[in-house]
Amino acid sequence: MFKRLYLLGISLIIFSIPSVNARVTQLEITEIISIAGGKHFGDIGAYEKVSGIAYFEISPDHKRNKIITDIARASINADGNVEFNAEFEILRPVDPSKASGTLFVEAPSQGEKLSLGLLHDIDETIDLNFIDETTDLGNGFLFESGHTVAWIAWQAQIEEIDHRLVVDFPTALENDKPVTGFILTEFNGKSFEDQNPYTLPLSGRDFVKSFPTISTDQETAKASLFVMESGSTDASSSGVRKGEAVPADQWQFAHCPDGWPGEPSLTFICVKNGFLKNRNYHLIYQAVDSPVMGLGLATTRDFISHLRHENKDSLGNQNPTPDIKHVICQGIGQAAKYLRDFLYQGFNVDLNNQKVCDGMNIHAAGVEKTYLNYRFSQPYRVSTQHSERFIPDVNFPRQYSVRVNPFLKFPDGILKKPAFDPYIFHTDTSTQYWQSRASLVSSSEGGTMDFSESSRVRKFLISGAESYNRFNSLAHNGYGERQCFFPSNNLHIGALMRALFSNLEEWVADGELPLDSIYPKIYDETLVEASSMFLPSLIKENFRAALNGSGDMEFGSRVKFNRGVVDLLVPEVIANHKVLVPAVDQFGHDIAGVRHPHIEVPMGTHLGWNLRTTEFGGGDLCDENGSFIPLSLDDSAAIAANDSRPSLLSIYPDYMTYVQKVREATEALVSQKLLLQKDADILLEKVVQNMSMH
């Protein structure tokens with residue numbers, strides 16, 4: 001599986017640690033290279049990349065491992081332990097004496113690295129999955145502080161393509177044979193893009209390994225294919241449907257890139273007349289070969305613990321990250337949902353009763369947890385208003401603090417171990433309120449009241465932003481430049497996230513009181529129902545208040561505490577939730593939240609949602625894309641366009657007025673510790689430089 005051999009083909013093994021509990025047994029280094037052309041970052045100097053494979057052994061009987069679904073079905077070695085391995089990468093100062101003692105660990109998302117793209121303002125054209133000697137690593141924000149940066153893969157079934165970090169986990173067995181079971185997999189626009197393909201892998205993703213069917217014969221596999229227009233029956237539906245049955249003679253288990261009938265295949269599906277890009281398809285079939293997916297939780301826990309607490313091996317070889325004093329973990333998108341689940345499942349304490357992450361930035365998770373600690377889990381799937389709404393991601397608990405489940409009447413929460421709970425900055429963008437039900441992080445299921453939160457948690461809305469945008473990203477209209485009604489929202493929020501990270505770091509490392517939470521609330525009417533919210537006329541014209549509905553769902557008796565075996569593949573909704581969204585101002589921007597200077601002093605409207613064009617299922621939300629709609633130049637142009645927003649010239653009679661308003665906005669953010677002075681200066685300088693164009 002792992003074919004990357006460097007250093008003249010000689011792997012350098014630096015650890016081999018016997019342990020009663022058995023954690024990381026070996027770190028095999030396959031490459032050490034200088035990065036960024038040897039560039040010096042501030043007073044810290046140059047950085048280098050260490051790549052390799054971490055080997056693990058854990059006891060299936062340990063109380064902190066027993067909750068891993070199917071761990072008792074994994075093969076064990078002579079010591080009675082389960083063995084597995086995962087790829088890792090570390091970026092560290094070449095001069096170890098310059099290291100700050102802070103370890104920044106990002107949980108990869110589908111094997112991909114995202115954090116540097118967010119925090120370092122690295123151009124979107126640069127492949128961050130393949131950092132080499134020449135990679136431009138942007139502003140070097142983390143490096144200028146001397147922080148060590150690390151990634152460890154945790155997600156099984158990821159293909160070793162596009163330089164993604166991957167794992168090798170054992171398969172769950174029954175009577176010495178791989179377990180089988182029914183699964184539901186969905187094919188939608190993320191698989192089709194702008195095409196109508198004949199064939200797709202059963203996973204629906206080229207970069208995700210498929211769970212093979214037990215047979216290419218539909219009857220033997222007890223397989224059925226269903227098709228539907230949308231994942232939602234109406235604007236706020238929490239119900240889940242599988243659709244209308246596709247006749248058995250119109251599809252088969254086969255690989256047919258050039259059309260029907262193709263060659264029989266255990267891992268591909270072929271549709272006779274092709275998949276339609278304005279439809280979603282649900283395939284139910286008996287699958288085989290499920291890795292013990294929940295081992296991903298142990299991978300992150302034990303790798304961080306190893307780097308943090310083990311200084312030397314039995315031969316005296318040094319830890320590649322010595323003298324770690326603090327660990328701050330970050331997850332973005334799917335990885336953020338994973339970190340919420342990592343905490344909920346109790347993995348922020350290691351096998352020796354030590355804390356793993358001191359602080360966490362959970363970014364763009366909304367209220368969701370991950371679909372991981374299950375047999376045949378599919379953690380790469382993301383529920384949206386339009387598709388993939390069968391995922392176990394929003395069931396109680398939703399808040400970090402412990403509270404009583406209003407439906408089942410027992411207490412639960414994501415944070416239940418006060419001695420080991422980290423300090424958390426939970427940051428969401430506007431997109432999470434529309435697609436990831438972010439209002440339920442802080443409000444009641446009925447949408448009637450706000451909840452207080454743990455003193456260890458701060459919540460922030462980044463107003464008017466998409467989940468994740470790279471520096472210098474270009475606006476687009478989705479797949480084929482035809483999918484989304486409005487151009488996308490390319491607002492890059494790196495400057496705001498750097499300020500928040502700095503504040504979190506001061507909380508973790510220095511014990512300084514952090515910023516107060518900044519997010520919309522019911523009591524001050526900044527959190528409202530989508531159907532009743534004010535929107536400018538130009539934006540409201542095609543708006544039908546679509547958002548991703550939510551409800552507690554029943555997946556069968558073998559699912560409890562977001563783990564187990566799913567028996568109800570099309571879940572039953574047992575309690576509906578009311579999802580709310582941020583109220584907006586006259587421009588359409590979220591009133592509450594941390595407002596970027598380009599939101600506070602707008603040239604157009606940045607939205608966290610977009611709409612699908614008719615070709616792709618008109619009216620539904622356009623996946624996780626946001627929108628940008630420029631302001632009209634003057635009042636006459638606004639009237640002609642039926643645009644109720646103020647025009648540019650009505651708010652900025654000249655460009656100097658605009659520059660002054662931006663200066664005031666940056667100064668206000670700096671005074672509130674929501675923008676670093678260095679970033680404020682850079683942002684204002686760019687605005688001034690643009691003056692020559694006006």
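Leaving aside neighbours within four places in sequence, M533 is in contact (heavy atoms within 4.5 Å) with W434, V528, K540, F543, V581, P582 and V584. The model is a predicted one, in which local features need pLDDT of at least 70 and side-chain atom pairs count only at pLDDT 80 or more, while totals for chains, interfaces and linings use all residues. Residues are numbered from 1 along each chain as its sequence is written, and side-chain values use heavy atoms, with hydrogens and water left out.

- M533 lies in the loop between β25 (527-528) and α9 (537-540), where helices (H or I, at least four residues) and strands (E, at least two) are DSSP runs numbered from the N terminus.
- With a relative accessible area of 6%, M533 is buried, a term that means under 20% relative accessible area with a 1.4 Å probe, protein chains only.
- M533 and P582 are 49 residues apart in sequence, and their C-alpha atoms are 8.6 Å apart in space.

**A three-stranded sheet**
- An open sheet is formed by 3 strands in the order β11-β17-β14, with antiparallel pairing, where two strands pair if DSSP finds at least two bridges between them.
- The edge strands, each pairing on one side only, are β11 (199-201) and β14 (251-252).
- β11 pairs with β17 (residues 268-271) over 3 bridges in the antiparallel sense, and P201 stands opposite F268 in β17.

**The chain as a whole**
- The secondary structure of the chain comes to 14 helices and 32 strands.
- Of the 694 residues in the chain, 63% are buried.
- The C-alpha trace spans about 80 × 65 × 55 Å along its principal axes.

Conventions
Buried means under 20% relative accessible area, exposed over 50%, partly exposed in between (1.4 Å probe, protein chains only).
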